[in-house]
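Here is a walk through one protein model, a few spots at a time. Keep the viewer open and follow along.

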Amino acid sequence: MAEKSKNGWLTLIIVTLSVFTIVIDKTFLNVAIYTLIRDLSTTIQTIQAIIAIYSLVMASLMLFGGKLQDVFGRKKTFLMGASIYGAGTIVAALSINSIMLLLGWSILEGVGAALMMPATTSIISGTYGGEKRAFALGIISSMASGAGTIGPIIGGFLTTYYSWRYAFALELVIIIAILLFSKEIDVFPPVIKWREIDVLGAINSSLGIFLLVVGVLLLNNPSSWNTAILSIIIGIFLLIIFYFTQKRRIEWNKMPLLDITLFKDHSFTLGNITRLIMNFTIGGVTFVIPVFLQGVIGTNPLVTGLTLIPMSIGIFTMSFTAGKVSTRMQPRYILSIGFLASLAGSIYLSLIFSPSTTVMDMIPGVLFLGIGMGIVFPHSANIIFAAARRDQQSDASGILNTGINLGSSLGTAVLGVILILGSFGTLGGGSMYDLPAGSSYGNNNQRLFEKVSAVNMPIIKGTGVTEDHQKTNAMKDAFNVVTLMLIIGLICSMLIPIKPTKHEEHCVTTHI
């Protein structure tokens, strides 16, 4: 392990900037859904697919990206990812249609992020040791939470007053800074040969995950249901094949793409399920709430972003309690409290949606969702890594990150399908983009308080009462699904085995 004391914290700054960029990239476009529909002359189905595919590409390639750093070296893989990501920001910023946005944002940036993310943790672990390493990893986690908090605000502000394209330009500036100062990152030599990678396993896992989520996305059009079901079945079949081929490689003492023996530990498996469910929730909620706000209430992107802030604040605030609470309380009880908090928020939101719902009506539910997420996210990660041996930490990280992005992608896909089938599917080409008086998007001189006051105007122009009721019913259905998923998560959390906490171990040691 290299101790990077001679370069101080510059490596940490570079890596932290990459994490900030990737996390913020997953949140800022959700508040610009209707602007994208108008500017790119497309439909809500297409924008839903673009948002879902961004997380899907990361989920599909995260395991493979983690192995590539062992072949090319951590630094080289990280910089390859940053270069591809930078190219994606250019294509996305210059997009003239949805195909360009899909290529730039969903595919190129998704591939770049899949290469960068696994390398960030390993670079920090290899550069710093002891207390410095713990501090550096804590900074990265805090930055990720902070980016999720301000992402909707930045995206909403730029979209409302300038253009969503500026958000990609901002990311490009950060990527250029990362590349310019990358010489300060230590060079970590490769540890395996290319031929040692399980390429067939990588193809099976990537294609299986991809077909599974694409199949769900295709459900938004009844005419493609047969294709959708076939895609889902093939995806699940490929993932089953992947599991058994990895098991066979381990039995034959060959290097697997993934150490699937980790799943023998019930704490590890249940911890990943709870984390996936909570990411399903956040991925779906951050898609459907902006759609409702802009499609029924008629808010602009900035107000939409501000509406999501209580959830981000809940996540950011509660994540700081992880260290203190985890030493005194059983992990499964902590996770259960988190799921109960999010359940309260989900049930509340499912009850209050109507054509006359305002932003202020939604705040309590959004806040409780965030509080629950803020409790579950750090504690589920602790459970996952505590269940893995030291030599399994990289595989545990790969499974965790894959689950995070798969959950987010499935949440966007599943809840999006519910909304689209529930009458939001008529939105397209800007035809439903009329907003209430006082909520103009293009007027840069419009004052913020004037825009906020517009959120109390309940119905967008050109929609009938019946259609608005159909849309609010679709929102209720979406949150009923969220509630069901959270109940499953609550049950899983209660099944996590009880183990002595650090406080209990200390008391026993002291007594002895």
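R332 sits in helix α13, which spans residues 331-352; helices here are DSSP runs of H or I with at least four residues, strands are E runs of at least two, and both are numbered from the N terminus. This is a predicted model, where local features need pLDDT of at least 70 and side-chain atom pairs count only at pLDDT 80 or more, while totals for chains, interfaces and linings use all residues. Residues are numbered from 1 along each chain as its sequence is written, and side-chain values use heavy atoms, with hydrogens and water left out.

Is R332 buried or exposed? R332 counts as buried because its relative accessibility is 17%; buried means under 20% relative accessible area, exposed means over 50%, and partly exposed is in between (1.4 Å probe, protein chains only). Setting aside neighbours within four places in sequence, R332 is in contact with S493, M494, L495, I496 and I498, where contact means heavy atoms within 4.5 Å. For I496 there is also a polar atom of the R332 side chain 3.2 Å from the backbone oxygen of I496. A polar contact is a pair of N or O atoms within 3.5 Å; within protein, one must be able to donate a hydrogen and the other to accept it, and residues adjacent in sequence count only if both atoms are side-chain atoms.

## K75, another buried side chain

K75 belongs to helix α4, and its relative accessible area is 14%, so K75 is buried. Which residues does K75 contact, leaving aside neighbours within four places in sequence? They are I123, S182, K183, I185, D186 and V187.

Take a look at I185 in particular. The side chain of K75 reaches the backbone oxygen of I185 at 3.1 Å. K75 and I185 are 110 residues apart along the chain, yet their C-alpha atoms are separated by 6.8 Å.

With a relative accessible area of 23%, V91 is partly exposed. Not counting residues up to four places away in sequence, V91 touches M100, L103, G104 and L108.

I236 is in helix α9 (residues 225-251). Its relative accessible area is 41%, so I236 is partly exposed. Between I236 and I209, 27 residues apart along the chain, the C-alpha separation is 7.8 Å.

## Two helix pairs

Two packed helices are described by the angle between their axes and the distance between the axes. For α3 (residues 44-72) and α4 (residues 74-93), the axes come within 8 Å and cross at roughly 150°. Axes are lines fitted to C-alpha atoms, for helices over the stretch in contact, and angles run from 0 to 180 degrees between N-to-C directions. The α3 and α4 crossing is right-handed; that label applies if the near helix is turned clockwise from the far one by less than a right angle, and left-handed if anticlockwise. On the α3 side the contact uses Y54, G65, L68, Q69 and F72, and on the α4 side R74, K76, T77, M80 and Y85. Sorted by class, the contact of α3 with α4 has 5 nonpolar, 3 polar and 2 charged residues. Here Ala, Val, Leu, Ile, Met, Phe, Trp, Tyr, Cys and Pro count as nonpolar, Asp, Glu, Lys and Arg as charged, and the others, Gly among them, as polar.

Now try α11 (residues 301-319) and α14 (residues 359-386), which pack at about 30° with axes 7 Å apart. The crossing of α11 and α14 is right-handed. Among the residues that meet are V303, L308, M311 and I315 in α11 and I363, L367, I371 and F377 in α14. The contact of α11 with α14 has 16 nonpolar, 5 polar and no charged residues.

## Two loop residues

S41 lies in the loop between α2 (33-39) and α3. S41 is not a glycine, but has a positive phi of about 50°. At 58% relative accessibility, S41 counts as exposed.

N253 lies in the loop between α9 and α10 (266-297). N253 is not a glycine either, and has a positive phi of about 60°. N253 counts as exposed, at 74% relative accessibility.

## The chain overall

The chain has 18 helices and 0 strands. Of its 512 residues, 57% are buried.
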